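Here's a quick briefing to read alongside the sequence and the model. Take a look at the structure first, then work through the notes below.

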Amino acid sequence: MKKLLASVLAGTMALSMVACGGSSASSAPAAASSAPAAASSAAASVAESVPAGGTVGVCIYKFDDAFMTTYRNALTKILEDKGYTVTCVDGNNDQAKQTEQINTFITQGVDALIVNPVMTSAADSIIAAVKDADIPTVLINREPTAEQMAAYDKLVYVGCDARQSGTMQGELILDTETKGDINGDGVVKYIMIQGDPENVDAQYRTEFSVKALEDAGVKVEQLDLQRGDWDRNKGQEIAQTDLAKFGDDIEVVFCNNDDMAIGALQAIQAAGRTVNKDIYLVGVDALDAALNEVSNGNMTGTVLNDAEGQASQAVVCMEELLGGKTYAEGEQSVYVDYVKVTPENVSEFKK
Ligand code: GAL
């Protein structure tokens, strides 16, 4: 079955490259050159049903999000390099707006959709709409439940298992000289700056970062937990207020993402505190700014949220769907691994 799919895809890609005038040889997938001259009739009929150089609608929950900007750019480039016509729209963090955008794509008859939902609670209606229109759909970045996805077998989620990133954040703290207990009183006191809690990434990172410490037998005390909605300014404000309130009691600042951690770092520095000396700071994403701060010692560490890896996996899944693949219930989540980033390995992640 895998082989058949591969040849279907190779055939599909060969067709689309021809139709689009295939910009450069390097953008053609390796498989295309080994595509059989005449695909089997079954494969050919599937391939023919996919318009060459098809149209893809991409819905992003909001453009003004640091990580999703990197992701969106990577995704658009991969699709365009492959000859697809891509329309990428900004949901402005407004589910009603995004629902309208999805409906517009459906009316236009796009060949495939890639959707980063604004609200995972809206997944049911999104899935019902794309199913009704029979449009192969890849959901990204905000994971609905397996039950929600089971409603449509031409739908797959590509993302990461956020529990892994939370655990890695906890490990980054456990790897420090004091295991997070800077003042040596036997309790790690922390503040948690959370992303949008509607998103499982925020829920799991919050839970599993602390769980890693507890599982290692470390006592913890949460001084504060506030939602910063993935936003740098909010991260800065929350950290500033907490530093004024709890002062030296704060030993660890957990941020669900790097953009909030960069904001928190500004507050930490303004309060005269020094990361890795009298306070620890961790994020997730491995944004360029965070990689620099990890190198400079101003962040304890971060976790790579692999935008390129997820974007290319999303395109692989989209092409499989276009080639006729369906996904069984319980097998609709495809995960890309997170990677721990420390001062020791940070240079490997810098571009
Ligand atoms: C997370 C990422 C955050 C934010 C969020 C949006 O995976 O770490 O920075 O982009 O997705 O849903």
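Predicted model: local features only at pLDDT ≥ 70, side-chain atom pairs only at ≥ 80, totals over all residues.

How many nonpolar, polar and charged residues does the shell around the ligand have? There are five charged residues in that shell, plus four polar and four nonpolar ones.

**Who surrounds the ligand**
- The ligand has 13 residues around it, and the ones that come nearest are Asn141, Arg142, Asp201, Arg205 and Asp285.
- Two elements give two or more residues to the shell: helix 4 (66–81) and helix 9 (200–215).

- Arg142 has a side-chain N or O atom 2.8 Å from an oxygen atom of the ligand.
- Asp65 puts a polar side-chain atom 2.9 Å from a ligand oxygen.
- For Asn199, the distance from a polar side-chain atom to an oxygen atom of the ligand is 3.1 Å.

**How enclosed the ligand is**
- On its own the ligand would expose 310 Å², and the protein buries 99% of that area.
- The largest cavity is the space that the ligand takes up.

**Two residues with positive phi**
- As background, most residues other than glycine have a negative phi.
- Asp285 isn't a glycine, yet its phi is positive, near 130°.
- You'll find Asp285 in the loop between strand 9 and helix 12 (288–296).
- Is Asp285 buried or exposed? Its relative accessible area is 6%, so Asp285 counts as buried.
- Asp285 is also one of the residues that come nearest to the ligand.
- Asn276 is the other case here: not a glycine either, with a positive phi of about 75°.
- Asn276 sits in the loop between helix 11 (258–270) and strand 9 (280–282).
- Asn276 has 33% relative accessibility, so it's partly exposed.

- Gln226 belongs to strand 7, which covers residues 220–227.
- With a relative accessibility of 35%, Gln226 is classed as partly exposed.
- Which separation do Gln226 and Ile191 have in sequence, and which in space? They're 35 residues apart along the chain, while their C-alpha atoms are 8.3 Å apart.

Notes: Residues numbered from 1 in each chain as written. Heavy atoms only, no water. Near = heavy atom within 4 Å. Polar contact = N/O pair within 3.5 Å; in protein donor to acceptor, adjacent residues only side chain to side chain. Areas by Shrake-Rupley, 256 points an atom, 1.4 Å probe, with all protein chains shown as cover. 1 Å grid on protein atoms, 1.4 Å probe; cavity = no way out; pocket = protein on both sides within 12 Å on 5 of 7 lines; lining within 4 Å. Sits in = over half its atoms within 2 Å of the grid points. Helix = DSSP H or I, 4+ residues; strand = E, 2+ residues; numbered from the N terminus. Nonpolar A, V, L, I, M, F, W, Y, C, P; charged D, E, K, R; others polar. Buried < 20%, exposed > 50% of the residue type's maximum accessible area, 1.4 Å probe, protein only.
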